[in-house]
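Here's a protein chain to explore. Have a look at the structure first, and then we'll go through some of its details step by step.

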Amino acid sequence: MNLGICMQCRYQSQGALGDLEEAISHIQQALELHPIGHHYRSSSLMHLGICIQSRYGSQGAWGDLEEAISLHKQALGLYPNGHPNRSTSLDNLANCMQCKYESHKALNDLEEAISLHQQALELYPVGHPDRSSSLMNLAICMRFKYESCKTWEDLEKAISLHQQALELHVSGHPHRVWDDLEEAISLHRQALELCPVGHPDRSTSLSNLANSILCRYKSQGALRDLEEAISLFYQASQLISNSIQEILHSIPPRLLQTNTGILATQEQMIAQFHDSAQYQTLVTALEHESDWHSIHSHMQATIALYFQYATLSHRWGPKEPSLQEILGNGSVYKMALTEGIVKLQKFCYTAAHHGYSWAWSDTCCIDKSNSVELQEAIGCMFLWYQNSALTIVHLADISSSSSPAALSSSVWFRRGWTLQELLAPHTLLFYTQDWLLYRNSTAKNHKEDVSILKELEQATGIPCHHINNFHIGMDNARSRLQWATGRHTSRPEDIAYSLFGIFDLHLPVLYGEGKEKSLARLLQEILSQSSDISILHWIGEQSSRHSCFPANISAYQPLPCVEPKLTSLASERSMLRLQRLVCTEDAQKVYNNFTNLPRARFSNRTLTVPCIVHQVHMVKLRQTHMNNYTYDVQAVGLRPMQIVTREELMEASDPSKLPYVFIRPWDRKLVNYSEQDHVMAGYKILMQLGQPFMALMLQRLPEGEYKRICASHLIVVHSNDPVSIVNSTATTLDII
C-alpha cells in the first residue's frame, strides 16, 4: 500500500504513466488484503479511486471513470459523518460525477456532483485551507447547470460562490502570499465570464480583475498588464454612462431645471451631471475603492437621485407656454408674466422647495408640432408620471379658504388626462389656486392622508386601494372604463388615448380619426388581449364601428345591481335546492359545456363571443311613448319580460321567423378551474347562472352573423329554472 502511494506521488510529480500503472497495481494488491471490515480498506479504496481517476484523465477510457466512481462510492460509505476523511472522499466522488457530466451531459450526474460538493463545503469551515477550492468546484458546477438550464438563479449562485472564493484571496487575508496573485487573476477572469453585459455584477468583476492585474504590473512591471488594467478600468467607468442611460430611458426627453428655469435635453442633463460633484465622487470611488459591489449600488442610487424630477398635473388654461416659446426666451423666469408663465414659475419654485432639481410640464416639455414626439409622449406619459419623485397637482379653482371636502368640486376631476395623473404617481400633493397645500395637510404624500384619500374616493368613485396602489393592466376592465365616464377632453380622441397607459397598451395615436374609432380601437385591443367580456356591459348609443361597442365612454356609467350577492346562508340553501333538482350527471354536463368554451376574440372587425343563447319566440308591442317602444318578449329558457327600446322590432305569428336572440356572454371568472370536484363546480356554475343577469339582444343577419340591438336601455332577464339552464345552448356567435 505504501509503495503504491509513493508511486502515485511520483506520477503526480513527474507525470510518467508507468508510475501510475505501477501505483494502481500495488494498491489493487493491497485492497485484496483489506477485506470488508478491515481498518485500511477505506484508505485503499480512496487511493485506488484517485489513481483510476487520474488514468481516466490521461487516457479518457470510459471504463476507468465508471470504476473510479464505484471505488469512491464504496470509500465514502466507509467514512461516516464526523470522519476526518469524509470531506476528501466527497470531493473525490463529486469530481468524478462532474467529469461524467462533462462527457455525457446527463443533468442527473451534474445534480449529484452539486449535492456532493455542497456536502463537502459544509465540512470546510471559514479559515479551512481547502474551503476556497471547494467553493470554486461548486461554482463551476453551478455554471454548468446555468449553461444547461438557463436558470438565472443558478448563474447568481455561481457568481456568489466565485465571489466567496475570491474573498479568500484579497489583500490582508492571513493565508495570502504573492503566489496567490496568479490564481486570483484566474478566478477573476472566470467570474467575469459569468457576468455578461448587462449583469449588475459586471462592474464589480471588471474592477476586481483590473485591480489584480494592476497589482501584478506593480510587482513585475509588465507593460501589457498596465494596458489591460487601463482597458478594464475604462470598461468599468463606462458603466457609469450605462447606468445614466438606463435612468434616462424611463424619464422624459426634456426637463426644466428648477433653479434656472431653463429647458434641458437629456444630452444637456448628462453634461451637467458630468460637471457635478456627484459625478466626480463616483469617478474617484471607481479609481480607488476596492469594495466594488457597494460602489455599484452607490453609483445606481447616486445617479437615480440626481435625475429625480417632479411632474405638474393641472387643467390647461388659455395661455399655456409652448416648447418654442420657452426655448425662444431662455428661461421661464425671464418671460413676460402671463397666467401660464406664473403657473410654470410657481411649479418650478415648489418643486425646488421639495428638493428636486428637475421638473416636467406637459405644456412646454413636449414638441407638439412633431407628430412622432407627440405619439411617443402619449405612449410614455403614464410611465413618466409613475417614475416621477413627486406629482404636484395645481387646482386653479380651489382656494385655500375653501371648505373641507371641496376637492370634488374642482374641474380637475372632470378632465380626461388627469385620471392617469391621479393613478400613476406614487407621491402626490394637491395645491390650491394660490399655491398652498390643500387643507394645510402636512403629509408628505396626500395619497397617504386618510381624510384626503377619502375625498379622492368620493370625488372619483375609485376605491382607495386603487388610488394609492394602482397597477396597470386589464384586470376589471369595465371598472377602469367606468372611472373615465364623467371626464372630458378638448380633442375627442383623447378620451381613449388617455386610457392607453392605464391599460398598459401601446397603440398608434391618430388625431382626426374621431372619438368613436379611437374608443373602438381601445376596446378591440382590450378584448383581443384579455378576452374580458365585462366591457360588453354598457347602456347607450351604439358605435358605428361595431354594434357591441358604445359610441361614447359615458355608456360605461355604473350599472344597477343586477346580480344580488347571496349571503352564505342563501348560498347554502340554493345549493341544497339545486342538488335536489339537478342530478350529478347534469351538473357534470354543465361543467363540461361551459369549461370547454373558448375565450372571446376579436378579429377582422368581428367579435366571436362564447355565450348562452336564448332564442326569442314571441315579440308583441305593448305601448309607444315618445321615441321609446315597450315590448312583451318571450324567449326559450327565460321568464317572460318587458323591454324598452328606441328600435322598432319585428312581430311575427311564426316564432321561427323571428331573428332575435338574448345572449349571456360567458364569463370565465364564474369557474374555479383549480377545483378538483367537477360535479360540485357544476352546481356552483348553476347557482351563478340562476341569478338575474344583464342580457344582450342580438339580431341574426342574412349572412349568419349577428349584430347587437336595443342597447339604449338595460335588459335584465331571469332564467326559468335550473333545468332550463342545464338544457340551454352554450356556443359561440360571430357579432359585427
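Let's start with two charged side chains: Arg55 forms a salt bridge with Glu21, and their closest N and O atoms are 3.0 Å apart. (A salt bridge here is a side-chain nitrogen of Lys or Arg within 4 Å of a carboxyl oxygen of Asp or Glu.) Arg55 lies in helix H3 (residues 41–59) and Glu21 in helix H2 (residues 17–32), so this pair ties together parts that are 34 residues apart in sequence. Helices (H or I, at least four residues) and strands (E, at least two) are DSSP runs, numbered from the N terminus.

Arg55 counts as buried, at 14% relative accessibility, while Glu21 counts as partly exposed, at 31%. For those words, buried means under 20% relative accessible area, exposed over 50%, and partly exposed in between, using a 1.4 Å probe and protein chains only.

## Where the numbers come from

This is a predicted model, in which local features need pLDDT of at least 70 and side-chain atom pairs count only at pLDDT 80 or more, while totals for chains, interfaces and linings use all residues. Residues are numbered from 1 along each chain as its sequence is written, and side-chain values use heavy atoms, with hydrogens and water left out.

How many salt bridges does the count come to? By this rule, 15. In general, side chains of opposite charge can pair when their charged atoms come close.

One of them joins Glu112 and Lys73 (3.9 Å, N to O). Glu112 lies in helix H6 (residues 107–122) and Lys73 in helix H4 (residues 62–77), so the pair ties together parts that are 39 residues apart in sequence. Glu112 is partly exposed at 28%, and Lys73 is partly exposed at 43%. Another salt bridge links Lys145 and Asp154 (3.9 Å, N to O). Here Lys145 is buried, at 17%, and Asp154 is buried too, at 8%. Salt bridges that share partners also join Glu21, Arg55 and Asp64 into one network.

## The whole chain

Stepping back, the protein chain has 27 helices and 16 strands. Of its 736 residues, 50% count as buried. Now take the contacts (heavy atoms within 4.5 Å) between residues at least 6 apart in sequence: 63% of these join residues at least 24 apart.

## The nonpolar cores

In soluble globular proteins, nonpolar side chains tend to be buried together. A nonpolar core is a set of buried Ala, Val, Leu, Ile, Met, Phe, Trp, Tyr and Cys residues joined through side-chain atoms within 4.5 Å. The largest one in this model has 117 residues, and those with the most contacts inside it are Phe307, Phe430, Leu522 and Ile663. Its largest share, seven residues, comes from helix H17 (residues 371–387). There's also a second, separate core of 46 residues, which includes Tyr56, Tyr79, Met97 and Leu121.

What is Leu522 in contact with, leaving aside its neighbours within four places in sequence? The partners are Leu481, Ala496, Leu499, Phe500, Phe503, Leu505 and Leu507.

## Helices that cross

The axes of H6 and helix H7 (residues 131–149) come within 9 Å and cross at roughly 155°. That makes H6 roughly antiparallel to H7. Axes are lines fitted to C-alpha atoms, for helices over the stretch in contact, and angles run from 0 to 180 degrees between N-to-C directions. Angles under 35 degrees count as roughly parallel, over 145 as roughly antiparallel, 65 to 115 as roughly perpendicular and the rest as oblique.

For another pair, helix H24 (residues 568–581) and helix H26 (residues 678–689), the axes come within 10 Å and cross at roughly 110°. That makes H24 roughly perpendicular to H26. The residues making this contact include Ser571 and Met575 of H24 and Met680 and Tyr683 of H26.

## Two loop residues

Thr258 is found in the loop between strand S1 (254–257) and strand S2 (263–265). Is Thr258 buried or exposed? Thr258 is buried, with a relative accessible area of 4%. Leaving aside neighbours within four places in sequence, its contacts include Tyr333, Cys348 and Trp358.

Arg545 sits in the loop between helix H23 (515–530) and H24, and counts as partly exposed at 31% relative accessibility. Arg545 and Leu519 are 26 residues apart in sequence and 9.5 Å apart in space, C-alpha to C-alpha.
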